[in-house]
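Dear colleague,

I am passing on a structure that I would like you to look through before we discuss it. The sequence and the coordinates come first, and my notes on what was found in them follow.

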Amino acid sequence: MQYTFKSGVLYEDDTHEALAKMKSAVFGQAKKIYDTHENMLMTTDVHYFVDQDEDNGDIRNKEYVMMGSDKHLVAEEKTEYAQGYDPEAVGWPVCKMPKVDHAELTIDHRHFLLTMLNSQNYSLRDDHDTEVLSILHKGIAGGWTIRDDYGFRPDEICGLFAFCRYIEQENELLVV
């Protein structure tokens with residue numbers, strides 16, 4: 001199935017029908033996902049393993065979570081450093097954060113690997129190394145093309161899109 005994600009709304013490509021929408025929280029990194037009738041289906045957010053005041057920017061101190069409207073855990077994402085960027089192996093860079101380019105993802109007890117191929121191209125692979133979801137930026141036209149070969153629900157696709165954006169945020173310049 002192919003979709004378009006634009007301005008926070010997921011559309012089915014064949015019918016151009018809106019299927020789900022995502023809204024950002026006023027503060028923080030949380031995203032809320034709604035159906036077309038404004039019923040909240042899911043939220044995505046960051047969960048810290050240490051106090052945020054003690055967080056040193058190490059991605060291993062947090063995970064991203066997708067929660068259903070009834071607060072049950074739908075998915076969790078543990079981001080990982082790109083090869084050759086792990087601070088334990090190469091030390092902390094002086095002027096930037098270490099590069100992050102992939103995440104181990106668990107969705108309803110199924111394991112996946114989400115990879116940022118570049119800032120405009122993401123791939124989700126299952127444990128058999130088969131690409132089950134791809135997200136590609138449409139360039140100057142704006143929006144994103146999403147190809148789902150797995151059969152994710154529209155709200156899950158929005159949550160996966162949010163997880164892609166979380167990986168991208170990990171690579172942004174830290175301003176103090």
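In which strand does Thr79 lie? Thr79 lies in strand S7, where helices (H or I, at least four residues) and strands (E, at least two) are DSSP runs numbered from the N terminus. Before going further, please keep in mind that this is a predicted model, in which local features need pLDDT of at least 70 and side-chain atom pairs count only at pLDDT 80 or more, while totals for chains, interfaces and linings use all residues. Residues are numbered from 1 along each chain as its sequence is written, and side-chain values use heavy atoms, with hydrogens and water left out.

Not counting residues up to four places away in sequence, Thr79 touches Ile59, Tyr64, Val100, His102, Ala103 and Ile167, contact being taken as heavy atoms within 4.5 Å. Strand S7 (residues 73-81) runs antiparallel to S6, and 4 bridges join the two; strands are said to pair if DSSP finds at least two bridges between them. Within this pairing Met67 stands opposite Leu73 in S7. S6 and S7 form a hairpin with 4 residues between them, and Lys71 in the turn has a positive phi of about 70°. S7 also pairs with strand S8 (residues 100-107), again in the antiparallel sense, over 7 bridges, and here Glu80 stands opposite His102 in S8.

Salt bridges

A salt bridge is counted when a side-chain nitrogen of Lys or Arg lies within 4 Å of a carboxyl oxygen of Asp or Glu, and by this rule the count comes to 10. One of them joins Lys62 and Glu170, whose closest N and O atoms are 3.0 Å apart. Lys62 lies in strand S6 (residues 62-68) and Glu170 in helix H2, so this pair ties together parts that are 108 residues apart in sequence. Both Lys62 and Glu170 are buried.

The side chains of Arg147 and Asp149 also meet in a salt bridge, with 3.0 Å from N to O; Arg147 is partly exposed, with a relative accessible area of 29%, and Asp149 is partly exposed at 48%. Another salt bridge, at 3.0 Å from N to O, is formed by Arg165 and Glu168, which both lie in helix H2, 3 residues apart, about one turn of the helix. Arg165 counts as partly exposed at 28% relative accessibility. Finally, Lys21, Lys23 and Glu38 are linked in a network of salt bridges.

The second largest pocket

Strand S3 (18-24) and helix H2 (154-170) each supply at least two residues of the lining, and the largest share, 4 residues, comes from H2. By type the lining divides into 3 nonpolar, 3 polar and 5 charged residues, where Ala, Val, Leu, Ile, Met, Phe, Trp, Tyr, Cys and Pro count as nonpolar, Asp, Glu, Lys and Arg as charged, and the others, Gly among them, as polar.

Two further buried residues

Ile33 lies in strand S4 (residues 31-34) and counts as buried at 0% relative accessibility. Leaving aside neighbours within four places in sequence, the contacts of Ile33 include Lys21, Met22, Asp155, Cys158 and Gly159. Val132, in strand S11 (residues 131-137), is buried with a relative accessible area of 4%. With neighbours within four places in sequence again left out, Val132 is in contact with residues including Phe112, Leu124, Arg147, Asp149 and Phe152, so that both partners of the Arg147 and Asp149 salt bridge are among the contacts of Val132.

With kind regards

Methods
Buried means under 20% relative accessible area, exposed over 50%, partly exposed in between (1.4 Å probe, protein chains only).
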